[in-house]
Amino acid sequence: MTRSSTVARLAPLASAQFMTAVDFDIVFVALPEIGRRLGFSTHALQSVVSAYTVVFGGFLLLGGRAADRLGARRTFALGLALFGAASLAAGLATGPAWLVVARAVQGFGAALLTPSTLKLVTTGFPAGPPRDRAMAVWGAAGASGAAAGALGGGVLTGLLGWEAVFFVNVPLVAAALLATPVLPRDEAVRAGRFDLPGALLATAGATLVVFGLVTGPDAGWLALRGAGAVLAGALVLGGWLLVESRSRDPLVPASLFANRHVLAAIVVVFVFMGAVGTEYYLFTTYLQDVLGYSPLRAGVAFLPLGVCSAVASARAVPPVLHRFGVRTALVAGMTGVAASMAALALGMPSGNYWAVLPGVLLWGASAGLAFPPVFVAVTTGVPAERHGVASALASTAQYLGSAVGLAALVAVSGAPAPGLWAAALVTVVGAVLGAVLLRGR
């Protein structure tokens, strides 16, 4: 592939990854104004966030299977169209119900986009350095999107109003849709049954688990919306496993779980994101509750993290993967993240941002190195026609790990510094698991 064709093919994929990452954080700063303008109650305002995250997490497996069965480019284009239309509808919302429904459709579009984007990266570039570079750009787009969310939300809300945090997606979606024809063409739609019962059970089970984890801290873990939803989701997922064992064409082929790289990636990303998700929360709490930063200033404080993460993903990941392999890159990155948590915990008692900045820089560089190799591992040895569902498994583990880790570690210790020490220990455990499970290059 020529350099120009590589750039053209990567641009819409990186843009999609950036948008779905941004939408996790960009709305937070706008929530108070949204509540005032649209008449949300204080309790109901969280539904603006949870409507997106619950649907996104619940439908990832369905999105991955759609990418494999219907074609990654078709699923990518459909996901983009839904995400863009829902973003426009959200910005035009005149009441709470309208906005919550729009956010749910955004989440469904993101659930189609994420696995199809990753499948287009893993199948659209030759194995070796070209694919490593593509994965690095994909990872950098996600890292920069996550960091840009809080900052962008503050700037857009302050200058243009809350509607701008949704309208900003529309031109990005339009540009990505126009570039879709440069992506690899899909093969004919695969024949055979789609396993509708498996898809419905997996989606319902994952949605209930995610819903319980998202709403549990506010509703109370002993409430029906907390542990009750998680338990119900677990029971539904148990029924799904039973249906899958008897299906001729299951939603998640059993052969994926026989692949040690897939299993290792799922376990490691679950543990890793459980710790890193907690680090984001605790550092945000420190900036606003301890240092007294405004949301906008806190977003600016995250900027070095995003820059370091994006640079590490784009510049360090390709040569490290090529020379040392997935295991070394992953273990080195996770070890660095654990060290960054320790550095933050040691610097926080000073009550000074400059004392924690070294930890922030190490956090960004290490996370940027660790994240892309997980998704390289999850597609290693997997046939191309199953990359979508394999990627969806890793993404689901990523999301559930973040929710479980945040709930568990914050419950153990809500204070930033002790919580970071606990998260560092969990990250070290994840690094050891990665070293043991990902044998070979």
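Start by selecting Glu 279: at 0% relative accessibility it counts as buried (buried is under 20% relative accessible area, exposed over 50%, partly exposed in between, with a 1.4 Å probe and protein chains only). You're looking at a predicted model, where local features need pLDDT of at least 70, side-chain atom pairs count only at pLDDT 80 or more, and totals for chains, interfaces and linings use all residues. Residues are numbered from 1 along each chain as its sequence is written, and side-chain values use heavy atoms, leaving out hydrogens and water.

Now show the helix around Glu 279: that's α13, residues 260–290 (helices are DSSP runs of H or I, at least four residues, numbered from the N terminus).

Then pick Leu 61, Phe 283, Leu 287 and Tyr 353, which touch the most other members of the 92-residue largest nonpolar core. Helix α13 gives this core its largest share, 14 residues. Such a core is a set of buried Ala, Val, Leu, Ile, Met, Phe, Trp, Tyr and Cys residues joined through side-chain atoms within 4.5 Å. A second, separate core has 20 residues, including Val 22 and Leu 38.

Last stop: which residues make up helix α15 and helix α17? Select 303–324 for α15 and 353–377 for α17.

Note on methods: Helix = DSSP H or I, 4+ residues; strand = E, 2+ residues; numbered from the N terminus. Axes fitted to C-alpha atoms, helices over the stretch in contact; angles between N-to-C directions.
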